[in-house]
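Visitor: I have a structure open and would like to learn how to read it. Could you walk me through it?

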Amino acid sequence: MPSFYEKPLFRYPMYALMGVTVIAILSLFLFNWVLGLILLGCFGAAVIFIRQALIEFKSEMEGYITTLSYRLKKVGEEALMEMPIGILLYNDQYQVDWSNPFMTSCFDVDTLVGRSLYDVADSLVPLIKQEVESDTITLYERDFKVIIKRDERLLYFFDVTEQIEIEKQYEDERTVLAFIFLDNYDEVTQGMDDQARSSINSEVTALLNKWAKDYGVFLKRISSERFLAVLNEDILTKLEKTKFSILDEVREKTSMQNISLTLSIGVGTGVPSLQELGVLAQSSLDLALGRGGDQVAIKQPSGKVKFFGGKTNPMEKRTRVRARVISHALGEIVSSSDKVVIMGHRYPDMDAIGSAIGILKVAQVNDKEGFIVLDPDTLDSGVEQLLKELKNHPELWSRFITPEQALEIMTDESLLIVVDTHKPSLVIDDRLLTRSEHVIVIDHHRRGEEFIKDPILVYMEPYASSTAELVTELLEYQPKRLKMNMIEATALLAGIIVDTKSFTLRTGSRTFDAASYLRAKGADTVLVQKFLKEDITHYVKRAKLIQNASLYKDGIAITLADNDYYEQVIIAQAADTLLTMNGVEASFVIAKRDEECVSISARSLGDINVQIIMEALGGGGHLTNAATQLKEKTILEVEERLKEALEDYLEGGTKS
């Protein structure tokens, strides 16, 4: 190693200084040779001393470097052989060329040399071939992070077992908040005396306290119908495995006393902030209640929501007071807009078109222009007769426009009202949602994860038979000058009749009240029957679907269609017809809609919640009426996925 003093940066200035000193001493000889001789001797002694010092410094430096090199080499060998890090070299045939003692000790063998990497871990070779930089594998119940150096054919193994355990412990102990709500407490206890109310309170509180104690949940009653629960992720995982059996316990215990009391639970999880957890828990509870109650909703920050329960038909909770308030609010919002655009879902049915016509009447009675969006490319044959009849009424038919026309006429002050759906992916044209800042949602389906963003008014009642029923009630509270003609009333009545299967399913007293109101406004029941007539070819295709039905399990019928394409209305009608057969509690019809899409239509008499089953496959609907569509799948693949969803549903104990 060259000495620092031999470097030009130091050596040349030193030589210059010595030269100047010699010249100065020689100049001094001219004036005083004695003094010059003394200084020359001192200078010579200094040069000899400096040279000797440099020699000794260089010798010491070389000795230090030699010692340091030896120590570094020894430390390197020590690190290579003794440090708790696995090091492994492999060859082109993925065999071990060399491994350090720590790596060998992990396998409790004398040597790994010559063994295949597959013997070390099955996942090593696939990892190397996938060209990932690192990954975590498990060896003999220990977790190792593997770092791959392909150019050197070198693998490093870092034991991260404790780190993973600490991470898991952190995840398991993260706080979770939950709000527990007694769905129909006020309705159930309204007519009770104090003793009966106290008895039911004690019964429910005892059940919840035992449940909380069994799972280590902190539970606090914060009002007559609401509880606050504090738990952690580990407890939540255990509750999920039980499918929140507390829902069934409360329902079954209270039903023994001839009381129908159910729970809804909203859970907030996945964030460290208690405030955010509270917001998520309340949002989850709102979602559970919006879907009809008697279920658990677990909402995470990503927007992902998991549902448990929801297997009973919701009890009717909506009141005429709420309908009147919503109707007045709707009227005020319509009045403050310049025009109203009404949109339903793709492939609209009688309910979507009938309710859209009813909302159009709301706009007209409030002296505002209204338009109904209808896409000619996404029409279902089930509404052909209705549309044909509407064309005979030019004043009403002129209110129907295409999505492109709607985009042209809409302004910043326009109001968009979405009927019979609340999912952005199902509307006729989602561009209208982004075009309008004022959106109202009116729907009768159970609320799903996907929802239209920031509506200014939401009227969702899963207890209603149809959106047409909801709209009819809203019309009743509009200004008295409201006058409906025959075709408008008939379209609304057709929507109710189709969704209730001629008043046989999901029919309450309010459904007949709405039908009576429409009949008084001139609805023609004979014309409704004309709308419901079907083509002979449709009848034959439906019969073919029913012919292919088979019982998968007791009470569950599944139909697989051939490779022909079927319209959604035929698939749905086949599922409805199967329910009329002896021994069938739920029916599932699988058929192709087009080359890329396979559809499932699901129906139930109420004991099996087909909504949850269809949600597991990306769809949704009601407890007794649901559907889904799967892209780029064969009919047999869809059947396999349906059976997996059915098994998961039945094993979870969600069959009443």
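Guide: Let's go from the whole chain to single residues. This is a predicted model, where local features need pLDDT of at least 70, side-chain atom pairs count only at pLDDT 80 or more, and totals for chains, interfaces and linings use all residues. Residues are numbered from 1 along each chain as its sequence is written, and side-chain values use heavy atoms, leaving out hydrogens and water.

Visitor: How many helices and strands does the chain have?

Guide: Helices (H or I, at least four residues) and strands (E, at least two) are DSSP runs, numbered from the N terminus. Here there are 25 helices and 23 strands.

Visitor: Why is the chain called more spread out than a compact globule?

Guide: Compare its radius of gyration, taken over C-alpha atoms, with the globule rule, 2.2 Å times the number of residues to the power 0.38. The chain has 40 Å, well over the 26 Å that the rule gives for 656 residues, so it is more spread out than a compact globule. Its C-alpha trace spans about 140 × 65 × 65 Å along the principal axes.

Visitor: Is His328 exposed, partly exposed or buried?

Guide: Buried means under 20% relative accessible area, exposed over 50%, and partly exposed in between (1.4 Å probe, protein chains only). His328, in helix α12 (residues 320-335), is partly exposed because its relative accessibility is 40%. Across the chain, buried residues make up 46% of the 656 residues.

Visitor: And where is Glu632 found?

Guide: Glu632 lies in the loop between β23 (625-631) and α25 (635-651). Its relative accessibility is 68%, so Glu632 counts as exposed.
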